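Subject: Structure for you to look at

Hello,

Here is the structure I said I would pass on. Please open it first, then read the notes below with the model on screen.

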Amino acid sequence: MIRCLTAILLILAAFVPALAESVHADSAAVTGPQMPTQKERVSELAFYEASHSRPLFSWGAEAGANVDLSGNDMSTIALNLSAGLRWRWIRFFGLGAEADITVSNSNRYFPIYAIFRTNFTDKPSRVFWEVRGGLALQYHENAANTTGAFFYTGASMLLASGASFSSYMSLGYTYVQRKSILVDEETLHQPNLSNASLRIGVVF
């Protein structure tokens, strides 16, 4: 009798662990992979900010307005495109072109510039600083075309972000150098422009 019970116990000892492993495997197959915990979840902003999650090449577009602060009646609607590279704390470094169409006259100018954006850290941040510098091709009504220096600096804040894009709003200051022009055989001295600039953009 004792020998019989011992044999039964040995059989159960060998069979039960295998049965438990089989039941656990079947349960995992039915329920699927477990959801990550709260600590394992990464926000969309953090994912977008991570260097390994973003392509090196980047391009974007903006729309906005420049309000003339110098009293020259040269407030404009602005549209631009840009393309460049990004890496770590350099959010964007590249080239851009813009069309500035004046609201109250036929003058217009087209800045072509280099762009640099950074938030000075590898950590996720919704705020970054930007500077642009280049030349503005200026087209005047009833006068020869001219060129002048172009400069912009401002602060931006992210509005939304994902794995492949981010949108932002920026507020800054724009300076445009203007040169004297000849109108009806008279030299017209044009004061330089100082603008308050508001933009909404998206970067891919």
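Strands β6 (146-161), β7 (166-176) and β10 (193-203) each supply at least two residues of a nonpolar patch. The model is a predicted one. The patch sits on the surface and is formed by V127, M157, L159, M169, L171, L198 and I200. Together these residues have about 630 Å² of accessible area.

V127 belongs to strand β5, which covers residues 127-139. Is V127 buried or exposed, or something in between? Its relative accessible area is 47%. Buried would require under 20% and exposed over 50%, so a value in between is called partly exposed. V127 is therefore partly exposed.

Next come the charged pairs. A search of the whole structure finds 8 salt bridges. Three of them are described here, starting with E62 and R132.

E62 forms a salt bridge with R132, and the closest N and O atoms are 2.8 Å apart. This pair links distant parts of the chain: E62 is in strand β1 (residues 57-68) and R132 is in strand β5, 70 residues apart. Both partners are under the 20% limit that counts as buried, E62 with a relative accessible area of 5% and R132 with 2%.

Which residue does E62 also meet in a salt bridge, at 3.7 Å from N to O? The partner is R199. Here too the pair links distant parts of the chain, with E62 in strand β1 and R199 in strand β10, 137 residues apart. R199 is buried, and its relative accessible area is 2%.

R117 counts as buried at 2% relative accessibility, and E130 counts as buried at 0%.

These pairs belong together. Salt bridges that share partners join E62, E98, R117, E130, R132 and R199 into one network.

Then turn to E62 and look for its salt bridges with R132 and R199.

Regards

Methods. Residues numbered from 1 in each chain as written. Predicted model: local features only at pLDDT ≥ 70, side-chain atom pairs only at ≥ 80, totals over all residues. Heavy atoms only, no water. Patch = residues over 30% accessible without salt bridge, like charges linked within 9 Å, V, L, I, M, F, W, Y side chains within 5 Å. Areas by Shrake-Rupley, 256 points an atom, 1.4 Å probe, with all protein chains shown as cover. Salt bridge = Lys/Arg side-chain N within 4 Å of Asp/Glu carboxyl O. Helix = DSSP H or I, 4+ residues; strand = E, 2+ residues; numbered from the N terminus. Buried < 20%, exposed > 50% of the residue type's maximum accessible area, 1.4 Å probe, protein only.
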